[in-house]
Amino acid sequence: HRMSAEQSGAGPQMVGLRLSVMMFLEFFIWGAWYVSVGNYMGANGMSDGIYWAYTVGPIAAIISPFFLGMVADRFFATEKVLGAMHLLGGVALLAAPMVAAKQGDSFWPFIGVLMLHMLCFMPTLGLTNTLAFHTMTNQEKQFPLIRVFGTIGWIVANIVISKGLKADTTATQFYVAGAAAVALGVFSYTLPHTPPPAAGHRISARDVLGLDSLALLKDRSFAVFVLCSFLLCIPLAAYYAYAPVFVSAMGFENPAFNMSYGQMSEIFFMVVMPICFARLGVKWMLVVGMLAWVARYGLFSAAADEHVKWMVLAGIILHGICYDFFFVTGQIYVDKKAPAAIRGQAQGFLVLVTQGLGMLIGAQVVGRIVRANTTDLVGVQSLDWARIWLIPCIAAGIISFLFFVLFRNDRGAEEPTPSSGH
């Protein structure tokens, strides 16, 4: 591992700095358009297709493990694949506004270009981790410090697009995101050389889909965890797709900037997480994470009719608990339960079930909920936000209760090792 830092002609500090820049740009690209695309589509006559913009990511999340397992991990150096993916993805982002301008009434060409971008982008989430882990000498200590730059990148993107450029509803967001993607594409070729991790190994669809990790489902609590995580991601999709549109409807200027308070709280809870873990253990961490989603949607629903801004902000700031206690604790739990040989597969399986299938179904379901609660008053659409948020609130509440009743504490997965500090 150390060789890669020395071969690249740089000390560990320089390598750490370059990895931090990589993470910063990785999440800057995503944050620059993902939060504001709904408001952009609404302003450009495509509001009917907003939920489709949040369906392409989950589809790409389901497809990308095949690409990673079959191609990236076997034949090409990681940094070269990362560079190529970002260059292609960047071109797709730069083209998105031009396609939107030409398409007339249909949102499909625009969604198609977003799909192309996401097919290029989703594999890079795994590639950046692979590259960072390969280059580090002490993953447990170094990775959280480098990964946090990703969250900072997302926050900075929201501030630049929303507060700085006032581009929540304009094409500028795609030009900024596209330029950042091209920059990261070029920068990737200067990153430490990381040979393909699975060179010379035979690979099967079974490995790629993480089917070996299905054996873990024989453990009742693990099965309950996977099922509830999958089910919870269905109501969760409503937040990612419609919270920025809702924030705008509640009268906030710079909606994406206001959404970034969620990522700021995420950084805080990342830091205190090891302490919470030691006190609460896996079951209570997950329960608290799930209940935070119930509280968030409850706040949104209660705030809707009177436009109560502090409730909306409170719901956004809960993101640290919503995300860290649910998703990050879930990753730690899987890491503890899976035998070393299939740990990577088990994490891939969790992503497939949650960010892939759960969010895919969720985006489609929430699109239908929004459509059912939209009335057209003389060409002006009016949305019943209180009901729109109440439905995922109740759904998340029922799933949390089922998890609480059915999940048994497992002392083996309870004791956090230092590696769970992220």
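## Helix α16 and its partner α15

Axes here are lines fitted to C-alpha atoms, taken for helices over the stretch in contact, and the angle between two of them runs from 0 to 180 degrees between N-to-C directions. In this predicted model, helix α15, which covers residues 319–337, packs against helix α16, residues 343–372, at an angle of about 145 degrees, and the two axes are 9 Å apart. The crossing in which α15 passes α16 is right-handed.

On the α15 side the contact is made by Phe327, Gly330, Gln331, Val334 and Asp335, and on the α16 side by Arg343, Ala346, Gln347, Leu350, Thr354, Gln355 and Met359. Sorted by class, this contact of α15 with α16 has five nonpolar, five polar and two charged residues; Asp335 of α15 and Arg343 of α16 are among the residues that take part, and Asp and Arg both count as charged.

## Helix α11 against α16

Helix α11, residues 220–249, is another partner of α16: the axes of these two helices come within 6 Å and cross at roughly 45 degrees. Angles under 35 degrees would count as roughly parallel and those from 65 to 115 as roughly perpendicular, and α11 and α16 are therefore oblique to each other. Their crossing is right-handed, and the residues of the contact of α11 with α16 divide into 21 nonpolar, five polar and no charged.

## Helix α5 against α16

Helix α5, which spans residues 56–75, packs with α16 at an angle of about 140 degrees, the axes being 8 Å apart. An angle has to be over 145 degrees to count as roughly antiparallel, so the arrangement makes α5 oblique to α16. The crossing of α5 and α16 is left-handed.

The residues of α5 that make this contact are Pro58, Ile59, Ala61 and Ile62, while those of α16 are Leu352, Gln355, Gly356, Leu357, Met359 and Leu360. By class, the contact of α5 with α16 divides into eight nonpolar residues, two polar and no charged. Gln355 and Met359 of α16 take part in this contact with α5, and Gln355 and Met359 are also listed among the α16 residues that meet α15.

When neighbours within four places in sequence are left aside, Gln364 is in contact with Tyr51, Trp52 and Thr55.

## Cysteines

With a disulfide taken as a pair of cysteine sulfur atoms within 2.5 Å, the count for the model comes to zero. Cys276 is in no disulfide, the nearest cysteine sulfur being that of Cys322, 14 Å away. Cys276 is buried, with a relative accessible area of 18%, and Cys120, at 12% relative accessibility, likewise counts as buried.

## Positive phi angles in two loops

Most residues other than glycine have a negative phi. Against that background, Asn254, although not a glycine, has a positive phi of about 50 degrees. Asn254 lies in the loop between α11 and α12, the latter covering residues 255–259, and with a relative accessible area of 10% Asn254 is buried.

His307, which is not a glycine either, has a positive phi of about 55 degrees. His307 is placed in the loop between α13, residues 261–304, and α14, residues 309–317. At 38% relative accessibility, His307 counts as partly exposed, whereas Asn254 is buried.

Gly164 and Asn254 are separated by 90 residues in sequence, and in space they are 9.1 Å apart, C-alpha to C-alpha. Gly164 has its place in helix α8, which runs over residues 139–164. Although Asn254 is buried, Gly164 is exposed, with a relative accessible area of 57%.

A further pair is formed by Ala95 and Tyr175, which are 80 residues apart in sequence and 8.6 Å apart in space, again from C-alpha to C-alpha. Ala95 is found in helix α6, residues 78–102, and with a relative accessible area of 26% Ala95 is partly exposed.

Conventions:
Residues numbered from 1 in each chain as written. Predicted model: local features only at pLDDT ≥ 70, side-chain atom pairs only at ≥ 80, totals over all residues. Heavy atoms only, no water. Helix = DSSP H or I, 4+ residues; strand = E, 2+ residues; numbered from the N terminus. Left-handed = near helix turned anticlockwise from the far one by under 90°. Contact = heavy atoms within 4.5 Å. Buried < 20%, exposed > 50% of the residue type's maximum accessible area, 1.4 Å probe, protein only.
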